[in-house]
Every structure is written in structure tokens, then in C-alpha cells.
Amino acid sequence: MASMEVATVPDDKNAAAAAPVSLGKGAWDCDNNCEIPPDKEAEVFEEIATMDFPYEGIPTIPPRKNMTHMAFFCNGCRYRVEAYPDWTGKQVAEALWRGGIERANNPNGNTPGMKGAGDVALIYAGQVMDHGKKLQDYNVPPGCKVMIAIEKAKLKPGAKPDPDSAYWN
């Protein structure tokens with residue numbers, strides 16, 4: 001029988017950022033600058049399967065209803081932030097920054113870390129979004145939950161993954 005390990009999120013933001021990715025780092029509410037409790041994640045991100053749209057008698061995740069919040073994955077954590085397709089990449093990066101995305105900085109990383117909203121790169125559908133363009137220019141739908149936020153320095157040619165990255169395994 002397999003055992004189940006439960007990871008606890010440390011109060012120290014740097015310790016949380018350095019936690020092994022395989023354990024997951026939970027979710028963060030950028031509007032309130034606080035952790036989303038693990039038992040509330042499915043509800044907050046609208047991931048509770050229902051029989052509203054069953055597939056061969058199996059419950060499925062219904063279409064999202066909350067179109068005012070987007071989700072960004074950054075360094076093993078999911079960040080929820082109020083954002084809209086008519087916002088520029090800069091507006092979204094600033095909202096993420098105000099909301100606490102700097103906690104994703106790895107103190108043992110190979111890059112300088114995010115020092116401000118200008119250091120946050122946003123990615124959707126494989127495209128790095130320009131801070132001067134609107135999200136709708138990249139066809140980002142309202143309430144999108146599948147974007148990436150990453151330190152810009154990690155996207156530069158020749159950048160190496162962090163020492164604790166799965167890349168080295």
C-alpha cells in the first residue's frame with residue numbers, strides 16, 4: 001500500500017520557493033496576497049467535477065464561470081489574479097508583482113531573481129507576451145487558467161536551469 005505524504009507550506013516565503021517542485025507549492029491569491037488553502041484550491045479554480053456535462057456517465061469539469069480571474073503557473077505554484085484580456089502584459093505583471101509573485105524567487109537559483117514587475121515574463125500558447133501589448137492580442141480568453149509567469153532572465157539564450165531543477169536529473 002502506498003503512503004501519502006502531505007507537504008506543509010512554510011511561513012518563510014524563501015523557504016516555500018525553495019521547496020522541491022515534486023511536492024507542489026500550492027496556490028497563491030494575488031488579490032489578497034495570501035495562500036489559497038489546499039482544501040479550497042479545487043473550488044477557487046473551478047475544478048470540481050459535476051454531472052452538468054457528463055461524458056459517458058462520468059462527471060466532468062464544467063465550463064468556468066469566473067471570467068474575472070486568471071491563473072499563472074510560476075516555479076511550481078499557481079497564482080490567481082484579477083486580470084482581463086484588454087489589459088497589457090505590463091498591467092498583469094504589475095498585478096502579479098503586487099500580489100506576491102516574488103515569493104517564487106529561488107534563493108539558490110542561477111539567475112538574479114525577479115526584482116520587479118519588469119522582470120516577469122508572461123507566456124501563453126508558447127508565445128512570450130510583450131509588456132506593451134494587450135493579452136487579447138495573443139487570443140487570451142477571459143478567465144484563462146493556463147498561463148506561465150517566469151523570470152525573464154531564465155528565457156535568455158545560455159541561461160541554465162536552477163541547480164535543484166528536474167532538468168539535471
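This report walks through a predicted protein model, from its overall layout to its sheet, its core and a few single residues.

**Ground rules**

Residues are numbered from 1 along each chain as its sequence is written. Since the model is predicted, local features need pLDDT of at least 70 and side-chain atom pairs count only at pLDDT 80 or more, while totals for chains, interfaces and linings use all residues; side-chain values use heavy atoms, with hydrogens and water left out.

**The whole chain**

Let's start with confidence. pLDDT is the predictor's confidence in each residue, from 0 to 100. The chain has a mean pLDDT of 85, and 86% of its residues reach 70 or more. Over residues 1-10 pLDDT stays under 50, and the model has six contacts for them beyond four places in sequence (a contact means heavy atoms within 4.5 Å). Residues 13-23 also stay under 50, with 20 such contacts.

The chain holds three helices and nine strands. Helices (H or I, at least four residues) and strands (E, at least two) are DSSP runs, numbered from the N terminus. Reading along the sequence, you get the pattern α-β-β-α-β-β-β-β-α-β-β-β. Of the 169 residues, 36% count as buried; buried means under 20% relative accessible area, exposed over 50%, and partly exposed in between (1.4 Å probe, protein chains only). Among contacts between residues at least 6 apart in sequence, 59% join residues at least 24 apart.

In what order do the seven strands of the open sheet line up? The order is 2-1-6-5-9-7-8, and the pairing is mixed. Strand 2 (34-36) and strand 8 (127-129) are the edge strands, each pairing on one side only. On average, neighbouring strands are turned by 35° against each other, direction ignored. Strands of a sheet pair through backbone hydrogen bonds, either parallel or antiparallel. Here, two strands pair if DSSP finds at least two bridges between them.

| Strands | Direction | Bridges |
|---|---|---|
| Strand 1 and strand 6 | parallel | three bridges |
| Strand 5 and strand 6 | antiparallel | six bridges |
| Strand 5 and strand 9 | parallel | two bridges |
| Strand 7 and strand 9 | antiparallel | four bridges |

You can follow these pairings residue by residue. Tyr-79 in strand 6 stands opposite Trp-28, and Tyr-79 is also the bridge partner of Phe-72. Further along the sheet, Phe-73 has Ile-148 in strand 9 as its bridge partner, while Ala-121 stands opposite Ile-150 in strand 9.

Strand 5 and strand 6 form a hairpin with two residues between the strands, and Asn-75 there takes a positive phi near 55°. Strand 6 is mostly covered, with five of its six residues buried.

**The core**

Which residues have the most contacts inside the largest nonpolar core? They are Phe-72, Tyr-79, Leu-96, Val-140 and Met-147, in a core of 27 residues. A nonpolar core is a set of buried Ala, Val, Leu, Ile, Met, Phe, Trp, Tyr and Cys residues joined through side-chain atoms within 4.5 Å. Strand 5, strand 6, helix 3, strand 7 and strand 9 each give two or more residues to this core. Helix 3 gives the most, with four residues.

A disulfide is a covalent bond between the sulfur atoms of two cysteines. The structure holds zero disulfides (pairs of cysteine sulfur atoms within 2.5 Å). Cys-74 counts as buried because its relative accessibility is 4%, and Cys-77 counts as buried at 2%.

Finally, look at Glu-35 in strand 2. Is Glu-35 buried or partly exposed? Glu-35 counts as partly exposed because its relative accessibility is 32%. Glu-35 and Tyr-79 are 44 residues apart in sequence, and 9.3 Å apart in space, C-alpha to C-alpha.

Technical notes
Axes are lines fitted to C-alpha atoms, for helices over the stretch in contact, and angles run from 0 to 180 degrees between N-to-C directions.
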